[in-house]
4 protein chains.
Amino acid sequence: VADTSTFRSDLARSTATTVHVRDFDLCNDLLGKVTLTEMVFVTMKGKLPSAAEARVLDACLVALVEHGITPSSIATRITYLGAPESMQAAVAAGLLGLGSVFVGTIEGSARMLYDALNDKPADHDLAALADAVVEGLIAKRQPVPGLGHPVHRPIDPRAQRLFEIAEENGKSGRYVQLMRLIHAAAERRTGRVLPLNATGAIGAIVLELGFDPRISRGFGLMSRTIGLVAHIYEELQHPLARGIWEMVEREAQPGERP
Amino acid sequence: VADTSTFRSDLARSTATTVHVRDFDLCNDLLGKVTLTEMVFVTMKGKLPSAAEARVLDACLVALVEHGITPSSIATRITYLGAPESMQAAVAAGLLGLGSVFVGTIEGSARMLYDALNDKPADHDLAALADAVVEGLIAKRQPVPGLGHPVHRPIDPRAQRLFEIAEENGKSGRYVQLMRLIHAAAERRTGRVLPLNATGAIGAIVLELGFDPRISRGFGLMSRTIGLVAHIYEELQHPLARGIWEMVEREAQPGERP
Amino acid sequence: VADTSTFRSDLARSTATTVHVRDFDLCNDLLGKVTLTEMVFVTMKGKLPSAAEARVLDACLVALVEHGITPSSIATRITYLGAPESMQAAVAAGLLGLGSVFVGTIEGSARMLYDALNDKPADHDLAALADAVVEGLIAKRQPVPGLGHPVHRPIDPRAQRLFEIAEENGKSGRYVQLMRLIHAAAERRTGRVLPLNATGAIGAIVLELGFDPRISRGFGLMSRTIGLVAHIYEELQHPLARGIWEMVEREAQPGERP
Amino acid sequence: VADTSTFRSDLARSTATTVHVRDFDLCNDLLGKVTLTEMVFVTMKGKLPSAAEARVLDACLVALVEHGITPSSIATRITYLGAPESMQAAVAAGLLGLGSVFVGTIEGSARMLYDALNDKPADHDLAALADAVVEGLIAKRQPVPGLGHPVHRPIDPRAQRLFEIAEENGKSGRYVQLMRLIHAAAERRTGRVLPLNATGAIGAIVLELGFDPRISRGFGLMSRTIGLVAHIYEELQHPLARGIWEMVEREAQPGERP
């Protein structure tokens, strides 16, 4: 039985003439006064960010909005073809693949960094910690979250720029430092080029902003929703979906397997 | 067969060292320089908004982020209970109900206003047009999109504030005017209190900002994705989902139907 | 406030030692005794079908299971690529496009037939009714649901076979007759070849079986879920998703628009 | 670049007058001749099942169709409330929560059994293997998949009946035996009552039927899609969704946290 004494949500409440989100009066305190990114802080943390915090989170969110033709945008476009009356279903279809392989890797790096660092003293040796994290992953034959990119090699320019912005705004602390050290350790240990990618950078930076690693994947969802709506808009003007279907069907038609 | 000469997407392109979104260099022109809301304009329109435009769209987006316990947040929480490893699926579940009844009504009002007004000359009599729109809907026994609210009566304070913000920023034109006239005509014609709600206001305002009515529902999706991530975060700290299940199951158990 | 006196579900109930679905004891009456298709009748209607009814519904469901590379199976495969840990999300992505354009057309034809016929006397002139339905749709510039196919022309062999099976099992009544007459009227009226397709046949036949047209789209969902799981299984053995992504991205890369 | 020489799907192919699913002519070999469950074998394995195999899979699928008010059916009903025009979205929402906690546990048990047994010789000591599996899970502080149920205690009657049906049909082999031994070992080792539940039984039985453990969760999706359509049908006749919303919102409204 649900214990109704603790069964409650504190995110919002309404009366006939007011809406409150957390402790803010939506109409008087927020509308016309805060940006959407500031509203992310209000909703998730119950307070407004500093200008520096807003700038850093804006950069992380902007970085993930749009990457052109991806599995996610293909799923959205091809779903919209069959159900144009349900734009929300097309956007949802595009979000559903943001799992362990793409975008959800933000969560992989954020959890890795948080689990390694959150209970360590301030003077803990980060280089040794980075080595231990990399060794642990290699022992389990797991990839290092946040490293590797098929196109942006040897450096992902987005990660580099995001770290600069974090630095400029005083948000480059021990999580960012550990991510960089893990990157160096992994390249050294494997002898391979493993670019520190945008999701690795964002995983570290959202921890610097004080967000919980368990919801870090959510920032990718926020950004990609915007990009997926843009893909639907382009699809309305210049459709690809039927061409995708025809191309894939033609290429995949059964014949002799070599 | 897909005509590959026209089969293309212009939203983004990458090289090893650059990412472009539309004609903007992501790392040099956008990261650290634009807000997430400005990025909405970049992605959808290929250009940066004026400060006034950004302020007005920010207000529309902020207004829709969070409404507490709704069908949408219930669906997200109860889905997360069964598949906590797939946060994206829980958020997608919450978006799927943003159809013709909730939030998708932005599209209903935007299409109504656009279809009525987009081919009319600048001096067209808006009051007569509003009457015609209302009569047409009543004749088809359809509700007027953007009107009505169960709690915010007789006035939805969010709609009122959003119209003020549009006005202050020079974005209150003929679409807003027509929405207000339709509201007045509908209340006069039916003799009922029909609050002009937030989705009605936003439907009008996004037309003032030059967006296509066919993707207007997408603004609701952008905002709600943020709110749904916040619900998952609250669920992690203070879970409701199992209590929802138990409460509904207990209340709905079969017995004698009266 | 929910009226808990009428707030109830009668589909299933459990005790420590029993599960009932409708009025059937799951373990003693159903498991090992009924087929999945018979279970569809149990769940939807609360009673077992006759052998003829089961055979006819089996045929309708079997017809829709698998159609190779379609928008639906593309969405499932490309979603599975990013989130292999969430097979349910990949299947859901494939279902989301089964809307007004594909498969959901079962509902279009079922509603058309039901709305035209359900309140007519048994001796109503079906040929005149068919003409009126076609004229009505043409006047509204709407296509006739259940007609048309890009490949199966001039006849969809599945529709033909399904009508034979319905006939052999005594389930070819006035809804099937009206669908055939609408088909003839539409071809005569437009002078075009408009094959009566599988979804048109199934829309008519599920009405003959006494199902509500409002849930007729659901039969397509049941069948396609099976097919989408099969696509994931083939994807595991012989992956296409990454190839789809690469092919689409390569073909769609920005360049000069002709 | 996709290697188009191996880029292909063999599930179905069509000509103007024929549809083939695997090597079967849909119209001549399948429609009117096979049940939906037999079609599962055709699609997944490319061949028809024996009568015994069909009976056993029918039982597994029938067992999972309907469990009344669950997180899954709540998600479907509450999504349908907002988007009644998109039944497929409501069903998809209900599937999205079938992850690691509910139903997806079929996959947990199937993988556990398969990983333990598939490379062992026919005379391997199953009791010792069961002990080792249980010790391994306890060492990793993980629960044993397929064990435990809040209501069906000490025995899940569905699991018991499914094992009987498998036995009667000659499909109770070493995977079923191992699942039973793991159950006994876990209860002995923990001293707790841990009912072997329906998903545990089904995980073992689908391995006996020769299915790949990686798609075993798919059987749950097939069944639940049917149940979710039935929930939408009941919702149309006797709606719960608005009542669920009102009940949850009322109970969860912010106040003093104790």
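This is a predicted model: local features need pLDDT of at least 70, side-chain atom pairs count only at pLDDT 80 or more; totals for chains, interfaces and linings use all residues.
Trainee: In which element is D:Leu36 found, and which residues does D:Leu36 touch?

Mentor: D:Leu36 belongs to helix α2 of chain D, which covers residues 36-45. Leaving aside residues up to four places away in sequence, D:Leu36 touches C:Leu36, C:Thr37, C:Asp58, C:Leu61, C:Val62, C:Val65 and C:Ile226. As for D:Phe163, 127 residues from D:Leu36 along the chain, the two C-alpha atoms are separated by 22 Å.

Trainee: Let us turn to α2 in chain B. How many residues of helix α2 of chain B are buried, and which are they?

Mentor: Nine of the ten residues of α2(B) (residues 36-45) are buried, and the helix is thus mostly covered. The buried residues are B:Leu36, B:Thr37, B:Glu38, B:Met39, B:Val40, B:Phe41, B:Val42, B:Thr43 and B:Met44. Just after this helix, B:Gly46 adopts a positive phi of about 75 degrees.

Trainee: How does one describe the packing of two helices, and at what angle do the axes of α3 and α8 of chain B cross?

Mentor: Two quantities describe a packed pair of helices: the angle between the axes and the distance between them. In chain B, the axes of α3 (residues 51-64) and α8 (residues 157-168) come within 9 Å and cross at roughly 170 degrees. Angles over 145 degrees count as roughly antiparallel, and α3(B) and α8(B) are therefore roughly antiparallel to each other.

Trainee: Which residues of α3(B) and α8(B) meet?

Mentor: From α3(B), B:Arg55, B:Val56, B:Ala59, B:Cys60 and B:Ala63 meet B:Leu162, B:Ile165 and B:Ala166 of α8(B). By class, the residues of this contact divide into seven nonpolar, no polar and one charged.

Trainee: How is the length of a helix judged, and what span does α6 of chain C reach?

Mentor: One compares the span with the value expected at 1.5 Å a residue. Helix α6 of chain C (residues 105-117) has 13 residues and reaches 18 Å from its first C-alpha to its last, close to the expected 18 Å.

Trainee: Which residues of α6(C) are buried, and what covers them?

Mentor: As a general idea, an α-helix has 3.6 residues a turn, so residues three or four places apart point the same way. In α6(C), the buried residues are C:Thr105, C:Ile106, C:Glu107, C:Ser109, C:Ala110, C:Met112, C:Leu113, C:Ala116 and C:Leu117. Their cover includes α3 (51-64), α7 (126-139), α9 (174-190), α10 (198-208) and α11 (217-237) of chain C.

Trainee: What rotation superposes chain B on chain A, and which residue of chain B comes closest to the axis?

Mentor: Chain B is superposed on chain A by a rotation of 180 degrees with 0.0 Å of shift along the axis, at an RMSD of 0.0 Å. B:Ala92 comes closest to that axis among the residues of chain B, with its C-alpha at 2.4 Å.

Trainee: Finally, how many helices and strands does chain A contain?

Mentor: Chain A contains twelve helices and three strands. Of its 258 residues, 63% count as buried.

Terms used
Residues are numbered from 1 along each chain as its sequence is written. Chains are lettered from A and ligands numbered from 1 in the order in which they are written. Side-chain values use heavy atoms; hydrogens and water are left out. Helices (H or I, at least four residues) and strands (E, at least two) are DSSP runs, numbered from the N terminus. The expected span of a helix is 1.5 Å times one less than its number of residues. Buried means under 20% relative accessible area, exposed over 50%, partly exposed in between (1.4 Å probe, protein chains only). Contact means heavy atoms within 4.5 Å. Axes are lines fitted to C-alpha atoms, for helices over the stretch in contact, and angles run from 0 to 180 degrees between N-to-C directions. Angles under 35 degrees count as roughly parallel, over 145 as roughly antiparallel, 65 to 115 as roughly perpendicular and the rest as oblique. Ala, Val, Leu, Ile, Met, Phe, Trp, Tyr, Cys and Pro count as nonpolar, Asp, Glu, Lys and Arg as charged, and the others, Gly among them, as polar. Copies are superposed by least squares on the C-alpha atoms of residues with pLDDT of at least 70 in both.
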